Amino acid sequence: MSLRARRQALIERADLRGDAFCTAYARAADDWLTDLFDRATEGDSRGLALMAVGGYGRGELCPFSDLDVVLVHKGRKNISATADKIWYPVWDEGISLDHSVRRPGDVLAMASEDLRVALGLLDARVVCGDPKVAEPVLEGALDRWIKQKPPWLGVLADLVAERHRSSGDVGFLLEPDLKESHGGLRDVAALTAMMLAVPVLADYVDTVAIDDARSVLTTIRVELHRRAGRDQNRLLLQEQDQVASALGEPDTDTLMRAVATAGRTVAWEGDDAWRRRGAWSRALESGRGRRKSGRGRSGDQTPGVTMQTGDPDIGVTEDEVVLAPTADVTGDASLSLRLAAVAAEKNLPIDRDALNLLGRKAPEAATPWTDQLRATLVRVLATGPPAIAALEALDQRRLLERYLPEWGAVRNKPQRNPYHRFTVDRHLLEATANAATMAHRVGRPDLLLVGTLLHDIGKGFPGDHTTVGITLVADVATRMGFAPEDVDTLVTMVRLHLLLPDSATRRDLDDPATAGRVADEVGNRATLELLAALTEADSLATGPSAWGPWKAGLVADLVERTCRLLAGEPVAPPAPWITDELRVIMDTVRSHGAPALSIEDPVVTVVAPDRSGLLAEVTGVLALHGLNVRSAAVAGEDGVAVEIFTVEPSRGRWPEAVRLSDDLAAVMKGTLSIETQLDERARTYRSARKVTSPQLVSTRVTVDNNASATATVVEVRAEDVVGQLHRITQALVACRLDVISAKVSTFGAAVVDAFYVRGPDGHKITDLATVAELEEAIEEHVGNAGGN
């Protein structure tokens, strides 16, 4: 049976997963190659051996992995012809082959010149042939690596760091590369190679956890190959549901949580080992040697350990933070947090022995917390970015759950949309670190830090995360010993944590009802300050599209207006935006009939003869020229409309105003049809973006008659594709609605557009039949975007 047929038989065995599949396929490859080898050598294998290297050498052969082999010989005659008798059948099978033919000395010489060869030989084994030929290679490669001749570790460290920068994190990516990303299978191989060269590091690496994580990633990688039918290591959105189902997972979130857990374990263990390797190398260079940190020595008598005045049971070395032998590990519930606080304040990692000991013996926090324990938590959080590493170190030993049992529900929980760049737990830590830099803006920094840490805790439980979070935080804050009024404030922060960004980006700030509603909700300036800081901290931690100058300006404007209301001060009326200069342009348009268009970053102003559908036509032209609309204001006088748009160029450059104006005039005359072009661009955009999966973005229409005193607010959530605003405004026109203003927000693969509209009679839409007609029209127009 051919190797391809044997592989297919294994692929069709659904019960054969992960390591079991890899082992079975490697054995099948061994048997098949051995048969080829025997026929090629006619039974005479003297002075000739076939070695498997790299992943094949380790027996980690996924369905479509390369066969990495080396044919080693001692000057055998006609070696090229013999090799071809092995290689050509492999190629005929359509199986990827990475091969070489060398003498033993040449193999070792190549390992001295090429790091990839050196690493591959660490996993080398003899498949068939004369083992004596391979012995010098196997022994020599390992000996040279252990002695670091040449010194490859520094080069490997640089390559690992570069790969991490370019490939992202397995634990956080929406579509992680199971092999190349930070925390992936290549990191496991690199970590193993490092421990061979620096055996002392094996004392600090949890090899059981690493192997468990490797097994999880391998199982998923095998299934990904099986489903994709090729060597694919990036777990794409469109593959995730099928892989989860094939592995018997209840849902895709469970699969991706397993990926995140495994990836973050490998990443944390690997990062810690590389850091220790660097400290070890520096110590050798300075002649200091390495102190094995941990308990068992008296901290104040150990050279190089400085005990902390305020924390006498915690010491600091040049490289890490350690526990004193006298530390009350089993009785002091604050010890883990105090250790993290010192580590964050000194910007040093926590000693591995200390972490392991606390992981085994640290108690759960008694409730209610003492004032000292609560202050210690705030102390850690107040350090800002260094707190992330310190708290994640505790989390590696599940110590955070001793204080906050609810943390387990958000731990490594994926958010599975391109808007969020982190798992829920890491997002909370990142947001809190951001909040620490803003603590000077609020009267109660402790509430800001704890409220930010808990604002999304509801995402770990069924139901709306805000509604669930309100109940959870009331309980958590009470357990932490906060006063009842502080508990109420923390609950309010969770309840309203989306109020400012949603109101600022989806509502008309010039409408007095917007700031009035916010003022009614927050109740006082102190809470408003907390929410303003939380909004920025949360948005910055969410992702690059969640916070920028445009959104920051809108939130600041809303906060200022709300502050005035809360202080009893009159809110300044909006300045009339149809200026004298615009009126001159309107007169010209009224006389000549041609539209006028100007660009002044970031504003596009259009003055044109008023007509039904003008807004849809303008937004279509803007989309055609790569301009993303963020807000729009519309007005008209005596048959002339003024439309002012705040926009962002999607391609990083601005189109010429004259081209925009010419295209708009052509559309208005009916000589340019933009529908086909927009649909084509929508298809191209969706294909190029890749991360968008239609099932992740469903269309939703909300009609709100309470958000404004003078207009109905129609809010549309839909997939972000080219020309979407144009299609929605077309639907509004079809329903004979007059758009007064619009706000557009982008959240990863989705847009949320809010339109202030009035009916043909100039009033709000209150007729239920009209509302139903509107919802149907919008869904129909949006559904046609790019030919879904």
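The model is a predicted one, in which local features need pLDDT of at least 70 and side-chain atom pairs count only at pLDDT 80 or more, whereas totals for chains, interfaces and linings use all residues. Residues are numbered from 1 along each chain as its sequence is written, and side-chain values use heavy atoms, with hydrogens and water left out.

The protein chain contains 32 helices and 15 strands, where helices (H or I, at least four residues) and strands (E, at least two) are DSSP runs numbered from the N terminus. Its C-alpha trace spans about 100 × 70 × 45 Å along the principal axes. Of the 788 residues in the protein chain, 55% are buried; here buried denotes under 20% relative accessible area, exposed over 50%, and partly exposed the range in between, with a 1.4 Å probe and protein chains only. Among contacts with a separation of 6 or more, 70% are made by residues 24 or more positions apart, a contact being defined by heavy atoms within 4.5 Å.

The chain carries 90 positive and 114 negative side chains, the centres of the two sets lying 6 Å apart. In this count Lys and Arg are positive and Asp and Glu negative, with His and the chain ends not counted, and each charge is placed at NZ of Lys, CZ of Arg, CG of Asp or CD of Glu.

Strand β9 (residues 603-609) is largely enclosed by the rest of the structure, because 5 of its 7 residues are buried. Two strands are taken to pair if DSSP finds at least two bridges between them. Strand β8 (residues 596-600) runs antiparallel to β9 and is joined to it by 5 bridges, with Ala596 standing opposite Val607 of β9. A hairpin of 2 residues connects β8 to β9, and Pro602 is placed in the loop between these strands. The peptide bond between Asp601 and Pro602 is cis, with omega of about 5°. Strand β9 also pairs with strand β11 (residues 640-649), in the antiparallel sense and over 7 bridges; in this pairing Thr605 stands opposite Ile644 of β11.

A cis peptide bond is likewise present between Thr367 and Pro368, with omega of about -5°, and Pro368 is situated in the loop between α14 (352-361) and α15 (371-381).

A search of the whole structure returned 0 disulfides, a disulfide being a pair of cysteine sulfur atoms within 2.5 Å. Cys563 is buried, with a relative accessible area of 14%, and Cys735 counts as buried at 3% relative accessibility.
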